[in-house]
Amino acid sequence: MKQGITVFRAIVLTLGFAFLYIPIASLIVYSFNESRLVTVWGGFSTKWYGALFRNEQILNAAWLSIKVAVLSATLAVVLGTLAGMVLARFGPFKGRTLLSGLTTAPLVMPEVITGLSLLLLFVTMEQLIGWPAGRGMTTIVISHITFTMAFVTVVVQSRLSQMDDSLEEAAMDLGARPHKVFFLITLPIIFPALLSGWLLAFTLSLDDLVITSFVAGPGSSTLPMVIFSKVRLGVSPDINALATILVVIVAIGALVAGIFTARQKKIRDRDAQMALAANQQMIESLKKG
Amino acid sequence: MTARLKRLGLRGRNLVTAVPYLWLIVFFLIPFAIVLKISFSTTQIAMPPYEPLLHWAGEKMLQIQLNLANFAFLVQDDLYGTAYLNSIWVAGVSTLICLLIGYPIAYAIARSSPSTRNILMLLVVLPFWTSFLLRVYAWIGILKNNGLLNNFLLWIGVIDQPFQMLQTDFAVYVGIVYSYLPFMILPLYANLEKLDLTLLEAAEDLGCRPWQAFYKVTLPLSKPGIIAGCLLVFIPAVGEFVIPSLLGDPGMLMIGKVLWTEFFNNRDWPVASAVAIALLLFLVIPIMFYQRAQDAEAGGGVHR
């Protein structure tokens, strides 16, 4: 029985991870291929990286995408944290069901529907109030905030419901105002969740093709739009080079985030323990006195 | 906690609630109303390319013209019906394959030692952090006629000439299963990790064979995970656009592609809106089902 499960586990995990990682590995390997025919090996070369960095169109699109992603991830974290706070801490209230519905629906909504509906909203708004004038970075950022804040909300909400609220209560008992409690106690504790929410929103924004295509105007092509129009015509090795750079960044990011989270947890646990110990002492001295 | 918050910061509390609430109403809820409105309007060659619904007819008489032609068009033209059924079929089969592949993986990870578990889950989620578009693109290089998989099959001698895999339904299934597999594994793992192993021991003590114990204990207990995972894969897969357009046959009808074509190529906004509304009506039930499940899962945070 035990033997059986070990063998089963080894086979399943090997096959599963091979399926998940072979495509990514193939992207990386062929980015160093001399030949233009991506999958025919023509010797080692880094020339596609050079070609990538000389491609104005890709560089401009990448710069726009990064600006959009930073802006929308930051605002999505603010809005998503508020929504997560409301859902996890404010208890039942009128309209809570609608709010929780509005925050989870974008997670599964097909992108063509979200994209179309946002575009029609912007067109209607322009007719009615004259804003946003035309489509471009503003409309892209608003759309990205809307669909990424749902992910932040879920991350923050689940972190808050796991979190013991006794520290917040203690701060309240000691007379801290709610906003002070939030900035001094809650925020530092949920900071890792905010960080991963930000990174998630950033990645999703950087990667979105469908919604962006609907709400982008002429002259505001993001990186996925340029990639899509390029790979529609077939494989092209400089896209492999781009993918490799992305994979390396993600791998480094995951490593740093992993180390950071582990360290944060250690510090947090220690602080919480010290606070509890101090509290215990205080209670005992009060009892004596 | 809640009571104290109420007493101390009712104003702040309302403000905190209002900001995300308003944002979502303006940028998520109202847009659907507009889509619904435009799906009832008539196409015209202008910008925006549709006629207004409301007319001032005579004095103080607001006339509403509802044009049902767009929906009639969807029913009459076979193309749309075929595209809907095809999308549902492709999404359904892909979801099933995801479950069949994802369940053993989630199970194997959940039965690993706690420290290995976290690393393995990180490895499951990691591809999700690299670009979705580029991961779909990777399959073009693998599946095309002189691609990796054909070369490999030729080399081991299973086939003697390249086998058309790209631009087939097979490629679309591979693409969807590959892209959405992490969404299946995550909820399944979260569920299976909580499984009380003593239940399995009890079942075996009572004479169950291991597979019987799995079938009678593990599988029924993991039902919430299975439902959440299937909905997370199925709902977005029905409207998928990128995968069928990059990997599928150009003639393959999927509703996401049809909507895209109506909008970008035919510039028929009312019909595109009607397509979106019909798709939404179909998806409303699974979406509400998913929300119900999500809310039940997050229930711990509600009753504080």
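## Close-up views of a two-chain predicted model

B:R267 is partly exposed, with 43% relative accessible area.

**Figure 1. A positive phi at B:R267, in a loop between two helices of chain B.** Welcome to the first stop. The loop that holds B:R267 runs between helix 13 (255–265) and helix 14 (269–297) of chain B. Although B:R267 is not a glycine, its phi is positive, at about 50°. Most residues other than glycine have a negative phi. With a relative accessible area of 43%, B:R267 falls in the partly exposed class, because that class spans the values between 20% and 50%.

**Figure 2. Another loop residue with positive phi, B:Q167.** Here the view moves to the loop between helix 7 (148–156) and helix 8 (169–193) of chain B, where B:Q167 sits. The phi of B:Q167 is near 65°, a positive value in a residue that is not glycine. B:Q167 counts as partly exposed, at 39% relative accessibility.

**Figure 3. B:I88 and its contacts in chain B.** B:I88 belongs to helix 4 (residues 78–110) of chain B. Which residues does B:I88 touch, leaving aside its neighbours within four places in sequence? The contacts are with B:F234 and B:F282. B:I88 has a relative accessibility of 27% and counts as partly exposed. For a sense of scale, B:I185 is 97 residues away from B:I88 in sequence, and their C-alpha atoms are 21 Å apart in space.

**Figure 4. Chain B as the setting for these views.** Stepping back for a moment, chain B contains 15 helices and 2 strands. Of its 304 residues, 50% count as buried. Chain B exposes about 14900 Å², with carbon and sulfur atoms supplying 67% of that area. What share of the contacts in chain B between residues at least 6 apart in sequence joins residues at least 24 apart? The share is 68%.

**Figure 5. The interface between chain A and chain B.** At this interface, 98 residues of chain A are in contact with 93 residues of chain B. The two chains bury about 9000 Å² between them, 78% of it on carbon and sulfur atoms. On the side of chain A, the residues that lose the most area to chain B are A:F19, A:F90 and A:V108, together 8% of what that side buries. How many salt bridges does the rule find across the interface of chain A and chain B? The count is 0. Polar contacts do occur between chain A and chain B: there are 9 residue pairs, with both residues at pLDDT 80 or more. Helix 1 (residues 2–31) of chain A gives the largest share of the side that touches chain B, with 15 residues. By residue class, that side of chain A divides into 66 nonpolar, 21 polar and 11 charged.

**Figure 6. A salt bridge between A:E34 and A:K47.** Over all chains, the whole structure holds 5 salt bridges. In the one shown here, the side chains of A:E34 and A:K47 meet at 3.2 Å, N to O. A:E34 lies in the loop between helix 1 and helix 2 (47–54) of chain A, while A:K47 is in helix 2 of chain A, so the pair ties together parts that are 13 residues apart in sequence. Both ends are partly exposed: A:E34 has a relative accessibility of 33%, and A:K47 has a relative accessible area of 38%.

**Figure 7. A:D238 with two partners, A:K230 and A:S236.** Is A:D238 buried or exposed? With 8% relative accessibility, A:D238 counts as buried. A:K230 forms a salt bridge with A:D238, their closest N and O atoms being 3.5 Å apart, and A:K230 itself is partly exposed at 26% relative accessibility. The side chains of A:S236 and A:D238 are joined by a polar contact of 2.9 Å. A:S236 lies in the loop between helix 10 (223–231) and helix 11 (237–288) of chain A, and with a relative accessible area of 9% A:S236 is buried.

**Figure 8. A salt bridge between A:D271 and A:R270.** Our last stop shows A:D271 paired with A:R270, with 3.7 Å between the closest N and O atoms. A:D271 is partly exposed, and its relative accessible area is 41%.

Definitions and conventions:
Residues are numbered from 1 along each chain as its sequence is written. Chains are lettered from A and ligands numbered from 1 in the order in which they are written. This is a predicted model: local features need pLDDT of at least 70, side-chain atom pairs count only at pLDDT 80 or more; totals for chains, interfaces and linings use all residues. Side-chain values use heavy atoms; hydrogens and water are left out. Helices (H or I, at least four residues) and strands (E, at least two) are DSSP runs, numbered from the N terminus. Buried means under 20% relative accessible area, exposed over 50%, partly exposed in between (1.4 Å probe, protein chains only). Contact means heavy atoms within 4.5 Å. Accessible areas come from the Shrake-Rupley method with a 1.4 Å probe; for residues, only the protein chains shown count as cover. Buried area is the accessible area (1.4 Å probe) that two parts lose on being put together, summed over both. A salt bridge is a side-chain nitrogen of Lys or Arg within 4 Å of a carboxyl oxygen of Asp or Glu. A polar contact is a pair of N or O atoms within 3.5 Å; within protein, one must be able to donate a hydrogen and the other to accept it, and residues adjacent in sequence count only if both atoms are side-chain atoms. Ala, Val, Leu, Ile, Met, Phe, Trp, Tyr, Cys and Pro count as nonpolar, Asp, Glu, Lys and Arg as charged, and the others, Gly among them, as polar.
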